[in-house]
Amino acid sequence: MAKYIINRLFQTVVILLIISVIAFSLIHLVPGDPVYAMLGSEIPKEYHDQVYHTMGLDRPLVEQYFFWLGNILKGDLGYSYYFRQTVAEVVMNRLPTTLYLGIVSAVFSVILGIFFGIVTAVRRGSKTDSVITVLANIGIAMPTFWLAVILILIFGLKLKWLPVHGFTLPWENPVLSLRQTIMPVICMSVGGVAIYARQTRSSMLEVIRQDYIRTARSKGLKESKIIYGHAVKNALIPILTLIGLTLRNSFGGSAIIETIFNISGLGQVMVMSLNNRDYTTLQTSLLLLAAVTCICNLLVDIAYAYADPRIRLE
Amino acid sequence: MSEHLLEIRHLKTLFRMREGVMRAVDDASLYVDEGEIIGIVGESGSGKSVTMMSVLKLIEMPPGEIAGGEAIFQGENILSYDTKSSEIRKVRGGGISMVFQEPMTSLNPVLTVGQQIEESVMLHLGYSRARARERAIELLRLVGIPDGESRINYYPTQFSGGMRQRIMIAMAMASSPKILIADEATTALDVTTQEQILELLREIVKKTNTALIIITHNLSIVARYAQRVYVMYAGNIVERGTSEEIFRETSHPYTMGLLKAIPRLDSDKSRRLVAIDGLPPNPAKKSGRCPFWERCPFAAEKCSEDSMPPYIEYSPAHASACWFRPEELKNRRPDAAESVLTKRISSEKILELKNVKKYFPVFKGVTRRKIADVKALDDVSFEIYRGETLGLVGESGCGKTTLAKTILRLYDVTGGSIIFNGRDISKLPERRLKDVRREVQFIFQDPFGSLDPRQSAGSIVGEAIKAHRLAKTPEEYSRKVDELFMAVGLDPALKNRVPHEFSGGQRQRLSIASALSSEPSFVICDEPISALDVSIQAQIINLLIDLQAKRGLTYLFIAHDLSVVRHISDRIVVMYLGRVVEISPWNELYEKPLHPYTKALLSAIPIPDPIVEKERVRTRIEGEVPSLINRPDGCVFHPRCPHADERCRRSAPPLSDYGNGHQAACFKV
Amino acid sequence: MNDKAKIFFRTLFSRKLVVVSALVILFFLLCAVASPVFATHDPNQQNLAEFLQGASSRHWLGTDQYGRDVYSRIVYGTRIAFIVGIFSVIMSGIVGTVFGLLSGYFGGWVDNVIMRIVEAMMAIPPLILALALVAILGRSMTMLTVVLAVSNIPPFARMMRGQVLTVRDLDYVSASRIRGNRSFVTMLRHILPNCLSPMIVIMTQSIGNTILAEAALSFLGAGILPPTASWGAMVNDGYRYLTTNSLFALAPGFAIIILVLAFNIFGDGLRDALDPRLRGAL
């Protein structure tokens, strides 16, 4: 087990380094001069040269990378010429919002999805099964932004029950926060619920076919005991691995949801910096989100190893 | 009401599949009394498991359906209970328990063995958790697992296959059932472990007066352990009787066929196995007549009539579902003439192994530092003469498959030399192995995994012809492929079919044809029949023997079943944990085995004759084959050897010659 | 046609839902190929006199802010969905298969390098990666296809590698070596073909996702340049006029759902038919 964790830690570090290389190379994929591309070609030559030097672009490529990485490790994330703030300020102010929405909707997806998955697997072939399965399929096929548009139309504009934009953290104003987060969280978790429901269902059906379920049945156990005592535990182990993926997708979805609901989070920052060629902010946000995902993946893998005695006892 | 503990009357089980209605169990009647051991034997698909699963309503419904009959257990017809009713659940595990075939998958991997045993105890005996725990520890002791207090918190993955099967038995006995069903419970285990488990079962049921139903494909097991036997074929019970009656006064042509098709440890070698031709009927297309008539050598006009032959009763227990009595059958057709094989064994060595070593490194940690070697083959030396068959036996982990793959140079050789046709091939690089690849061929165990599912049968067989450019024209190529098909008894018209359209036996024929296509002189057969049904095994053995005589082949025949190896081989090598422990001419091995391991192995294998079985003196050994990682020092067999002393623990005995080419590696001979 | 193919098609079309989904895909394909036949108007013809009208017999789904016919624009939008969806999946399918094959077959450091890159790429939300690449590389149909392909490569390569690892250890692969084939022949003749069917399934299922991703990019203004009709961009435009002509935003969404649903159901059907073990599992 300890060996396994050390191994995974090592791998995570390697992956983070590769991600940093990807994020670093983004700015070098920009056609032409990145400083002119960011600040416009009409800026004075001296200003250009100064920015060029601050960003370290006048150094050799390899040195640039280590200069950039070194700065990030020191906490210096660079300066955003669009937001006119340090990138650290831009990002850190908004990260809690995105994390909050991402985690809440991930938790939502996991709980509801697993619940539906078990129900449909247990009642395989029933009406409940077909209805939930159809809904799950639609949930996966539905564009998030479109669902958001519909919810806004119905609950925001027609019924006027919920605010259509803005975000407040729950510890600042719980009631407003709840009202503001309902629609974004629904939009962000629909796909996740559907995916978990489908995967849990198929995992359960796979487990139910196993020899040890036949053994449990031959012992004379009640069907409910067979399902909840023997099958569910086994079925959920592979589901665990999906959690990292869901979180990653929630972060991706935050770009859309935060734009639509005008929530000031990391996703919105990314869309804004893309539209305004603020590559520094873009690079950093990308790196940050990927790092968070990586660390979540690491935690999930450790949980996975712990949940499965076959790995834990190795 | 019934005077028996369990009586099944006229059970019919159907499976409604896409292909049609499969009559898996077709009017089967049987009974078992208290404390009795009975056997149900049959090949795969004969309905032997489905019969007992139906009684406990454990078959999947739908597509399964119990279409008729009753099962009287303690005065109640348990077939009338609903699948999910509490009555049937009380019978399952409470009155009737089961032990299944696959010990590796039959226990829940995420629960401790304690939890799994206690669960049964609490359910059926109504014990509290604490008392259930005590009982579980007691049960573990009963099945020979010491130190139950700590082992009870282990997960199944921490036990070996044999141990897991013991745990399954503990679980099945948890509620003190009246009947214990062992459904192929020892099939997946090593020969010596199999014997231990069966002996354990026999002791336990004797002690507790539980009835035991052994379901198996292995006639010999039944001969050793069962008091009464039911023989099933295609869903019907074709013969029933006491063990003595079934094996000594065999009445049904199918039972006769089976007995003639299996090699026996004590039989004369010149006996040619009599294969049962053809395949069992498709259960979806079964008619009302005798299911065996198409394959029956005695079949008459009457057999093709559309009605089942009635049981002819020979004694209160013995009956056979055949139109004819055994004496009438004998008149109908004499036994097939036994052909005598002629093969030439030269004194020229085709292959010689000198101190061959194959170690697999074990790595640890992030830096993948090598910490140890798993010694899969340790100083293996023997030679094979041109034209002979050398048998190689041993249990799991003995290195038999590793040896095959090392000779084939699928693995690199760690040390020693492999001299093939006078040339050391152990260090040749892959590009210079081409002509060795042509000369040395391989027949795999699994007829399903060894054929590429996406290639046609013809191109599988012809692959080596192309690879070695053995045909100059397309016509020559297709003529050669056709010849190979005919040589293994397949119709060349099947060339365009893909493997999954063939039966197991036919696939193994394809595999043989494919191995022969490069016209090799030396063929390694790795358990070529162990995945096949008994009646098909004899067909393949006979084919291999015929091909050897016709083509002058040399075989290295690898198997775990000593009786098969003895039947086909001229000399036999016995391996244990990567070392050769004994080399013997075939006829001396059974008469006077030298190594204690060989003795144990021999006595673990039952002979399909209850009378011979009763007279045998058997050597039993303790424990299981250890994992290669914990390989014992000194003589690898010493921890299980009854004669081991200090010297055996310290140093490894070398192979010494005891005359007539009979060698053994033991200090105590 | 041999028996295997017959069994395959019989199982594939044994479920009504799969037949329907195939027909839906065919219908949309027809719309894409023969857009002018199905459209009632020129999709890019502005008519400011008729802007933001509701549904009528002249404009079945109303008009947009420039008076263009929404229905006709949806018909033409099928083209983008198909071209981007299918081509990018094919592209990533090929690249992913090659990387997966190399990684699984050779193992060792090749495997290590490829798999660490794949894992790194999988940690980046695909939508964000695609957005970033579009912003940097520019907006064109080709770029869009390539960018969406890039985000599909990692899961494909991983899938293929897993397949190769399973197949590589099967007896028939050793058999090929023993029969005297070179390792290159073994890889192409025995390993590759036996890994392809799950790849085809995952590719079909990814077409739906890719169409969704294209729509999302277009919605965020990082898709095809206007005035070319794209469903995602239409929802974005229509979103501002929800109260005036709500069909303008809603109708393209329905088109997306139906087409994506059809691809997903067809993919599930393919999986059930190609892999009998999983039949009915989902």
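**View 1. Four rings of chain A join up in a cluster.** In this predicted model, ring pairs tie together A:F24, A:Y65, A:F66 and A:W68. For context, the structure has 29 aromatic pairs, counted over all chains.

View 2. Are the two partners buried or exposed? A:Y65 is buried, at 10% relative accessible area, while A:F66 counts as exposed, with a relative accessibility of 52%.

**View 3. C:F9 and C:F13 make a stacked pair.** Over in chain C, the planes of C:F9 and C:F13 sit at 10°, so this pair goes down as stacked. Their ring centres are 6.4 Å apart, and the pair still counts because the cut-off is centres within 6.5 Å. As for accessibility, C:F9 is partly exposed at 39%, and C:F13 is partly exposed too, at 36%.

**View 4. An arginine sits over the ring of B:Y31.** Now for a charge and a ring in chain B: the charged end of B:R228 is placed over B:Y31, 3.9 Å from the ring centre.

**View 5. B:R240 lies over the face of B:Y311.** Here's another arginine and tyrosine from chain B, and how far is B:R240 from the ring centre of B:Y311? The distance comes out at 5.1 Å.

Definitions and conventions:
Residues numbered from 1 in each chain as written. Chains lettered and ligands numbered in written order. Predicted model: local features only at pLDDT ≥ 70, side-chain atom pairs only at ≥ 80, totals over all residues. Heavy atoms only, no water. Phe/Tyr/Trp six-rings, centres within 6.5 Å; stacked < 30°, edge-to-face > 60°. Buried < 20%, exposed > 50% of the residue type's maximum accessible area, 1.4 Å probe, protein only. Lys NZ or Arg CZ within 6 Å of the ring centre and 35° of its normal.
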